[in-house]
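Subject: The structure I promised you

Hi,

Here is the structure I said I would pass on. Have a look at it first, then read my notes below.

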Amino acid sequence: MYKFLEQTVEGYMTRNVSTVQRDQNLLALSEMFEQDDFNSYPVEDDGQVVGIVTKFDILKCFAFTPSQMLPRYHDLMSRKVGDVMTPEFIYVSPETRLTRVLQIMVEHRIRSIIVLDSSQKLAGIVARQDVIVALKATAND
């Protein structure tokens, strides 16, 4: 277990990350979620990460409100990613220790965290499963 304390994001993150654009519609996004079986995507605009969008963001669109009791599926799915994404997102660097990532995931109840390099460019994404893999790998030592 002591070896886990030394592990960083760089050794376990996914480097080739699929991204979405803020002007993409939710129907296309939902098809990507279905095809890739991911829970979230970084949102990019001109090569810069501007937010994160999750399956939960799509579900929130369908929540009943006093002003909208019966949301129309096709109307909601024509909305843009930029309308539902979370622009204030948590991110880490490749050098961040996995212990910190685990703490963030537990505190904020999030499944994955965007990884940005020193120039604030997308370097990867680290997910709960990556942390579990690291825990298992270091438990054998």
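(Buried means under 20% relative accessible area, exposed means over 50%, and partly exposed is in between, using a 1.4 Å probe and protein chains only.)

Before we go on, some ground rules. This is a predicted model, so local features need pLDDT of at least 70 and side-chain atom pairs count only at pLDDT 80 or more, while totals for chains, interfaces and linings use all residues. Residues are numbered from 1 along each chain as its sequence is written, and side-chain values use heavy atoms, with hydrogens and water left out.

**The overall picture**

The chain has 7 helices and 6 strands. (Helices are DSSP runs of H or I with at least four residues, strands are runs of E with at least two, and both are numbered from the N terminus.) Reading from the N terminus, the order of elements is α-β-α-β-β-α-α-α-β-α-β-β-α. The C-alpha trace spans about 55 × 30 × 25 Å along its principal axes. Of the chain's 141 residues, 38% count as buried.

**Back to helix 2**

Leu29 is found in helix 2, and Ala28 is in helix 2 (residues 26-36) too. Ala28 counts as partly exposed, because its relative accessibility is 26%. Now find Met77. From C-alpha to C-alpha, Ala28 and Met77 are 8.4 Å apart in space, although 49 residues apart in sequence. For Leu29 and Met77, the separation is 48 residues in sequence and 9.0 Å in space, again C-alpha to C-alpha.

Strand 2 (residues 40-45) pairs with strand 3 in the antiparallel sense over 6 bridges. You can trace the pairing yourself: Ser40 has Thr54 in strand 3 as its bridge partner, and Pro42 has Ile52. The hairpin of strand 2 and strand 3 has 2 residues between the strands, and Asp46 takes a positive phi near 55° there. Strand 3 is mostly covered, with 6 of its 7 residues buried.

**The sheet of strands 4, 5 and 6**

Another open sheet of 3 strands has the order 4-5-6, and its pairing is mixed as well. Its edge strands are strand 4 (91-92) and strand 6 (122-127), each pairing on one side only. Strand 4 and strand 5 run parallel and are joined by 2 bridges; Val92 has Val115 in strand 5 as its bridge partner.

In a regular strand the side chains alternate between the two faces of the sheet. Strand 5 lets you see this: Ser112, Ile114 and Leu116 point one way, Ile113 and Val115 point the other way, and all are buried.

**Charges**

How many salt bridges does the structure hold? The structure holds 2. (A salt bridge is a side-chain nitrogen of Lys or Arg within 4 Å of a carboxyl oxygen of Asp or Glu.) One of them joins the side chains of Asp45 and Arg22, at 3.5 Å from N to O. This pair links distant parts of the chain, since Asp45 is in strand 2 and Arg22 is in the loop between strand 1 and helix 2, 23 residues apart. Asp45 counts as partly exposed because its relative accessibility is 31%, and Arg22 does so at 34%.

Asp57 forms a salt bridge with Lys60, with the closest N and O atoms 3.3 Å apart. Asp57 and Lys60 are separated by about one helical turn, because they are 3 residues apart in helix 3 (residues 55-61). Asp57 is buried, with a relative accessible area of 3%, whereas Lys60 is partly exposed at 46%.

Note on methods
Two strands pair if DSSP finds at least two bridges between them.
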